[in-house]
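Here is a short tour of a protein model. Please have the sequence and the coordinates open as you read.

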Amino acid sequence: MNFIVNIFLEAWHLLVESSVYIIFGLIVGGFLQIILRPDTIARHLGQGRFRSVFKAALLGIPIPLCSCGVLPTALSLKKQGANNGATTAFMISTPESGVDSIAITYALMDPIMTIARPVSAFLTATVAGILENIVSFKEAQPSIPSGSSPSLDSCCNGNHNHSKEFLKPPSFMKKLYLGFRYALVEFWGDLAGWFLFGILIAGVITTLIPDDIFARYFGSGLSAMLFMLLIGIPLFICATASTPIAAALILKGVSPGAALVFLLAGPATNAASLIVLMGILGKRATAIYLTTIAISAVICGLAVEQVYGALGLSAQAMVGQATEIIPGWAGLCGAVILLLFSVKPVTRSIMKRFHIRPEHDHESHIHPTPLGETCATASPVESPCKCSS
């Protein structure tokens with residue numbers, strides 16, 4: 001019984017350490033959702049074989065979407081004129097990074113990994129996008145049907161189609177309200193279940209796994225990275241939820257390079273998203289997508305290990321040091337706030353999982369669109385894609 005208590009204590013400790021950074025990332029992500037306009041983005045992603053890829057890879061870094069949640073956005077960009085390379089780059093850099101995952105990486109790991117993660121995502125996305133455009137840029141781009149893709153609907157339940165009747169743009173205060181509301185209600189509602197599951201898994205790793213087991217068998221080097229790649233590619237986990245697991249693995253002796261491979265491969269790939277990707281871009285682009293992620297993740301992992309070695313730093317000793325600058329009371333308050341905002345989405349997810357229909361389930365949510373316009377949509381928490389980054 002004690003080990004169960006210890007698991008929850010370790011998970012609570014991780015939540016307290018990361019809560020302030022998570023809230024910061026959520027708020028930034030919420031306002032990005034309001035500011036960014038898909039039509040403007042699409043214009044930039046359809047021009048040039050290399051420039052469009054660079055822009056798409058850079059654009060995807062701060063946007064908090066998971067490998068499943070990025071699919072509707074990528075499909076929309078493709079239909080609005082983004083070329084295959086730009087779409088591929090966007091679909092890699094977006095789930096591998098995000099303001100929320102960058103913030104929590106700083107909280108639970110260290111500054112080196114905080115920089116290495118988005119930089120690696122950008123490089124991986126750029127290489128994959130350029131390769132795809134070199135191969136297919138002069139060819140006719142595959143047409144995307146105007147209707148919803150059955151595979152895409154099965155993943156995200158078709159809840160990303162907005163009403164065409166937009167309300168007038170709200171005032172600055174209304175935009176401020178919508179940004180915070182989206183961050184803590186809609187955005188965190190999508191993310192809460194997966195993140196809480198992630199810190200529970202981290203608690204299990206910290207409590208039950210001996211300290212030297214990974215260091216003894218899969219601690220560092222190419223074999224450890226290939227092992228993490230084997231775990232990460234089929235796994236469905238978002239960037240934010242993967243971070244506490246990676247931090248726990250480092251504490252158990254996994255090298256920072258192997259942990260980075262897990263952080264890059266896990267969020268960007270899973271079986272469902274790869275199947276849908278084949279429908280959007282084709283088998284060749286999907287092969288380039290997967291191969292580039294695998295090779296680039298290992299190369300970036302090896303490079304990160306060289307950085308730690310050259311600086312004489314231990315990733316295991318540096319884990320969680322950033323949280324020392326956050327007062328204890330702030331971490332506790334942040335953890336309580338996140339748990340309070342988690343009750344409703346987690347309850348709804350559990351009820352849906354067990355096919356329990358709530359008595360009064362007729363509410364709709366106001367989902368902020370770019371520049372603060374609003375449209376009525378079904379709640380994102382209804383989607384099977386429960387993560388946003």
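## The model and its confidence

This is a predicted model, in which local features need pLDDT of at least 70 and side-chain atom pairs count only at pLDDT 80 or more, while totals for chains, interfaces and linings use all residues. Residues are numbered from 1 along each chain as its sequence is written, and side-chain values use heavy atoms, with hydrogens and water left out.

The average pLDDT (the predictor's confidence in each residue, from 0 to 100) is 76 for the protein, and 74% of the residues score at least 70. Where pLDDT is low, the predicted coordinates should not be read in detail.

## Nonpolar cores

A nonpolar core here is a set of buried Ala, Val, Leu, Ile, Met, Phe, Trp, Tyr and Cys residues joined through side-chain atoms within 4.5 Å. Buried means under 20% relative accessible area, exposed over 50%, and partly exposed in between, with a 1.4 Å probe and protein chains only.

The largest core has 57 residues, and L26, M109, W188 and F195 have the most contacts inside it. Helix α9 (residues 172–208) gives the most to this core, with eleven residues. Beyond four places in sequence, W188 touches residues including I22, L26, F195, L338 and F341. Another core, of 32 residues, lies apart from the largest one; L59, F90, L274 and Y289 are among its members.

## An aromatic pair

How many aromatic pairs does a search of the whole structure find? It finds one. Rings of Phe, Tyr and Trp (its six-membered ring) pair if their centres lie within 6.5 Å; planes under 30 degrees apart are stacked, over 60 edge-to-face and the rest tilted. The ring centres of F54 and F122 are 5.4 Å apart and the planes stand at 90 degrees, so this pair is edge-to-face.

F54 sits in helix α3 (residues 51–60) and F122 in helix α7 (residues 111–136), so the pair ties together parts 68 residues apart in sequence. F54 is partly exposed at 44% relative accessibility, whereas F122 is buried at 17%.

Leaving out residues up to four places away in sequence, A56 touches L45, A86, A89, F90 and S93.

Notes:
Helix = DSSP H or I, 4+ residues; strand = E, 2+ residues; numbered from the N terminus. Contact = heavy atoms within 4.5 Å.
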